[in-house]
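I opened this notebook to record what I looked up in a structure that was new to me. The entries follow the order in which I went through it.

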Amino acid sequence: MKRFSRNLLILRDLHSCTTLFREVPKDLKGKKHSSQLWLVRQLKDPYVEMARKENYRCRSAYKLLEINDKFKILQPGHIVIDCGAAPGSWTQVAIKATNANAKEGGDVGTVFGIDKQPIYPIEGATLLSGMDFTDPASRNLLLKHLNGKKPNVVLSDMAPNASGIRDLDHEMIIQLAYIALKFALQVSERNGTFVCKIWDGGKSQQFEKDLIKFYKYVKSIRPEATRDESTEKFLIARGFKGIKSTSSNTT
């Protein structure tokens, strides 16, 4: 991960002058205003350019790379589940970090990715494409693929389609976070890790308190690749305590 840290420093230095290296299209006639804003933002984004050069499917790869660089959550031989995997950038990071494609010597990991959106094949991963993780039938299918194996890491980069109403969007992403958490509690190996994206809001603190019930410690991080206007943060819960028969479920 030393190369990632070096690249991050380069990005910090270049971020303010990155527009010097790209031409913003002058003729956007016929495109919706929102499309124009998106295109200009993409052209100005150094992480988009780096993802293209390093063959990651999306700029979000650098969020997980930074998380792993700081917390060392992914190791060779690990079993990893990536919830909300499309288009596959987090899955790509997990494959490389766990050696799931067996391109390095040593332990070989296993990576599963699931999303209701299409995911094109990625060497080293088992992908459940077009499967809605919130549907119990999809989670049961994932359990069948696990075949009794307990994952070391459950990742959730899931997010709802934003409505633009902040409180409503926060409510929806917290619901997704609880679905991912309950699944992680069901399947994870003891001392396992759960990583989850949320948008900050009124229910964030309670969700963190619920994580602490089941994990030894919980940290939050706002990666450098997070856009300035975003309220997202990632919660890293480590040291899964296991479930006792007397434990109450989260709500």
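My notes begin with the whole chain and then turn to single elements, residues and the pocket.

**Entry 1, the chain as a whole.** I noted at the outset that this is a predicted model. I counted eight helices and seven strands in the protein chain, and I found that 47% of its 251 residues count as buried.

Which residues have the most contacts inside the largest nonpolar core? I found Phe194, Phe207, Leu211 and Tyr215 in that place, in a core of 34 residues. At least two residues of this core come from each of E1, E2, helix H6 (136–146), helix H7 (166–187), E5, helix H8 (204–214), strand E6 (215–221) and strand E7 (232–240). H7 gives the largest share, eleven residues. I then followed Tyr215, and, setting aside neighbours within four places in sequence, its contacts include Leu181, Ala184 and Leu185 as well as Phe194, Ala237 and Phe240. A second, separate core has 29 residues, among them Ala51, Tyr56, Ile67 and Ala94. I kept one general remark beside this entry: in soluble globular proteins, nonpolar side chains tend to be buried together.

I placed Ile79 in strand E1, which covers residues 79–83. Is Ile79 buried or exposed? I recorded it as buried, because its relative accessibility is 14% and the cut-off for buried is under 20%. Between Ile79 and Val111 there are 5.9 Å from C-alpha to C-alpha, although the two are 32 residues apart in sequence. Beyond four places in sequence, Ile79 touches Thr110 and Phe112, and also residues including Leu146, Pro151 and Val153.

Just after H4, Lys72 has a positive phi of about 55°. For H5 I asked how many of the ten residues are buried, and the count is nine, so this helix is largely enclosed by the rest of the structure. Ser89, Trp90 and Ala94 are among the buried residues of H5, and Asn99, just after this helix, takes a positive phi of about 60°.

I located Ser60 in the loop between helix H3 (46–53) and H4, and it is buried, with a relative accessible area of 10%. The side chains of Ser60 and Ser89 make a polar contact at 2.7 Å. Apart from neighbours within four places in sequence, Ser60 is in contact with Ser89, Trp90 and Asp157.

I read off about 1,100 Å³ of space in the largest pocket, and its lining is made up of 35 residues. Asp157, Ala159, Pro160, Lys197 and Trp199 lie nearest its centre. Helix H2 (33–44), helix H5 (89–98), strand E2 (110–115) and strand E5 (193–199) are the elements that give two or more residues to the lining. I sorted the lining residues by class as well, and found 13 nonpolar, eleven polar and eleven charged.

How values were computed
Residues numbered from 1 in each chain as written. Predicted model: local features only at pLDDT ≥ 70, side-chain atom pairs only at ≥ 80, totals over all residues. Heavy atoms only, no water. 1 Å grid on protein atoms, 1.4 Å probe; cavity = no way out; pocket = protein on both sides within 12 Å on 5 of 7 lines; lining within 4 Å. Points joined across faces, edges and corners; volume = space filled by probe spheres on them. Helix = DSSP H or I, 4+ residues; strand = E, 2+ residues; numbered from the N terminus. Nonpolar A, V, L, I, M, F, W, Y, C, P; charged D, E, K, R; others polar. Buried < 20%, exposed > 50% of the residue type's maximum accessible area, 1.4 Å probe, protein only. Polar contact = N/O pair within 3.5 Å; in protein donor to acceptor, adjacent residues only side chain to side chain. Contact = heavy atoms within 4.5 Å. Core = buried A, V, L, I, M, F, W, Y, C linked by side-chain atoms within 4.5 Å.
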